[in-house]
Amino acid sequence: MTHEMYIARASDESVAARGDHGGVVTALLQFALKNGMVDAVLCVKARDGNRYDGVAAYITEWERVADCAGVLHTATPNIPRVIKEYLNGAKDIKLAVVCKPCDARAIIELAKREQIERENLILIGVNCTGTMRPETARKMYREVFNVNPEEVVKEDIDAGKITVTLADGSVVEHDLLE
């Protein structure tokens with residue numbers, strides 16, 4: 001058995017720069033909305049620009065999808081619950097959903113119990129390298145990284161390291177295995 005793997009990135013440079021790892025998820029969501037494949041997108045965005053307070057975002061205009069670009073490791077809204085309780089189980093709409101593996105599993109379980117209309121969902125899975133509570137992240141940035149948490153604009157957790165990018169463009173890295 002062979003498997004094919006593709007490396008992709010957004011062709012729109014502003015999306016590629018704003019998103020993580022080339023902005024491909026943002027580009028896919030924009031494409032799905034723009035071409036009528038879905039009625040809306042459900043993803044996570046920072047509330048009022050505060051990266052420590054992420055909320056579920058229901059988006060119907062493809063131009064607004066880029067508002068959710070980038071990973072928020074300190075924002076963990078319950079996406080399956082939003083679909084079930086606030087979006088009527090996606091029974092009335094076609095919905096593209098960005099989900100971590102735990103979200104995808106919960107969505108599948110809710111679909112098995114006929115609480116979510118699985119056929120109306122396009123799941124776009126993203127890797128989850130971990131999440132952390134906002135209070136824990138702020139403390140870690142102050143005490144371990146010696147940076148102001150409000151200056152953090154991006155973080156990446158990969159290969160046992162957390163890499164933090166600050167508003168001035170500087171990067172600070174910490175090995176989690178130390």
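**Three-stranded sheet**

I started with the open sheet of three strands, whose order is β5-β6-β7 and whose pairing is antiparallel. The model is a predicted one, and I read every entry below with that in mind. Which strands stand at the edges here? I found β5 and β7 (171-175) there; each has a single partner strand, so one side of each has no neighbour in the sheet. Direction ignored, neighbouring strands are turned by 15° against each other on average.

Next I looked up how β6 and β7 are joined. Strand β6 (residues 161-166) runs antiparallel to β7, and five bridges join the two. I noted two pairs across them: Thr 163 stands opposite Glu 173, and Thr 165 has Val 171 as its bridge partner. The hairpin of β6 and β7 has four residues between the strands. In that hairpin I noted Gly 169, which takes a positive phi near 95°.

**Lys 161**

I stayed in strand β6 for Lys 161. Setting aside neighbours within four places in sequence, I listed its contacts as Asp 156, Glu 173, His 174, Asp 175 and Leu 176.

**Four-stranded sheet**

I then turned to the open sheet of four strands, in the order β2-β1-β3-β4, where the pairing is mixed. Its edges are β2 (50-59) and β4 (121-125); each of them has a single partner strand, so one side of each is left without a neighbour in the sheet. From one strand to the next, the twist averages 30°.

How many bridges join β1 to β2? I counted seven, and the two strands run antiparallel. Among the pairs, Cys 43 has Ala 57 in β2 as its bridge partner, and Lys 45 stands opposite Val 55 in β2. The hairpin of these strands has two residues between them, and Asp 48 takes a positive phi near 55° there.

**Arg 138**

I looked up Arg 138 in helix α5 (residues 134-143). Its relative accessible area is 23%, which makes Arg 138 partly exposed. What does Arg 138 contact beyond its neighbours within four places in sequence? I found Asn 50, Tyr 52, Pro 149 and Glu 150. Tyr 52 is 86 residues away along the chain, and its C-alpha atom is separated from that of Arg 138 by 8.4 Å. Residues 50-59 make up the edge strand β2.

**Gln 30**

I compared this with a residue of helix α2 (residues 24-34), Gln 30. Gln 30 has a relative accessible area of 11% and is buried, because the cut-off for that class is under 20%. With neighbours within four places in sequence left aside, Gln 30 is in contact with Val 15, Trp 62, Val 65 and Ala 66.

**Helices α3 and α4**

For a pair of packed helices I wanted two values, because two packed helices are described by the angle between their axes and the distance between the axes. The axes of α3 (residues 79-86) and α4 (residues 101-112) come within 8 Å and cross at roughly 30°. I listed the residues that meet: Ile 79, Pro 80, Ile 83 and Lys 84 from α3, with Asp 103, Ala 106, Ile 107 and Leu 110 from α4. By class, this contact has six nonpolar, no polar and two charged residues.

**Second largest pocket**

My last entry is the second largest pocket, with a volume of about 400 Å³. Its lining has 17 residues. Which residues lie nearest the centre of this pocket? I noted Arg 51, Ala 69, Gly 70, Leu 72 and Val 153. The elements that each give two or more residues to the lining are α1 (13-18), β1 (40-47) and β5 (152-158). I sorted the lining by class and got nine nonpolar, two polar and six charged residues.

Technical notes. Residues numbered from 1 in each chain as written. Predicted model: local features only at pLDDT ≥ 70, side-chain atom pairs only at ≥ 80, totals over all residues. Heavy atoms only, no water. 1 Å grid on protein atoms, 1.4 Å probe; cavity = no way out; pocket = protein on both sides within 12 Å on 5 of 7 lines; lining within 4 Å. Points joined across faces, edges and corners; volume = space filled by probe spheres on them. Nonpolar A, V, L, I, M, F, W, Y, C, P; charged D, E, K, R; others polar. Buried < 20%, exposed > 50% of the residue type's maximum accessible area, 1.4 Å probe, protein only. Contact = heavy atoms within 4.5 Å. Pairing = 2+ DSSP bridges. Axes fitted to C-alpha atoms, helices over the stretch in contact; angles between N-to-C directions.
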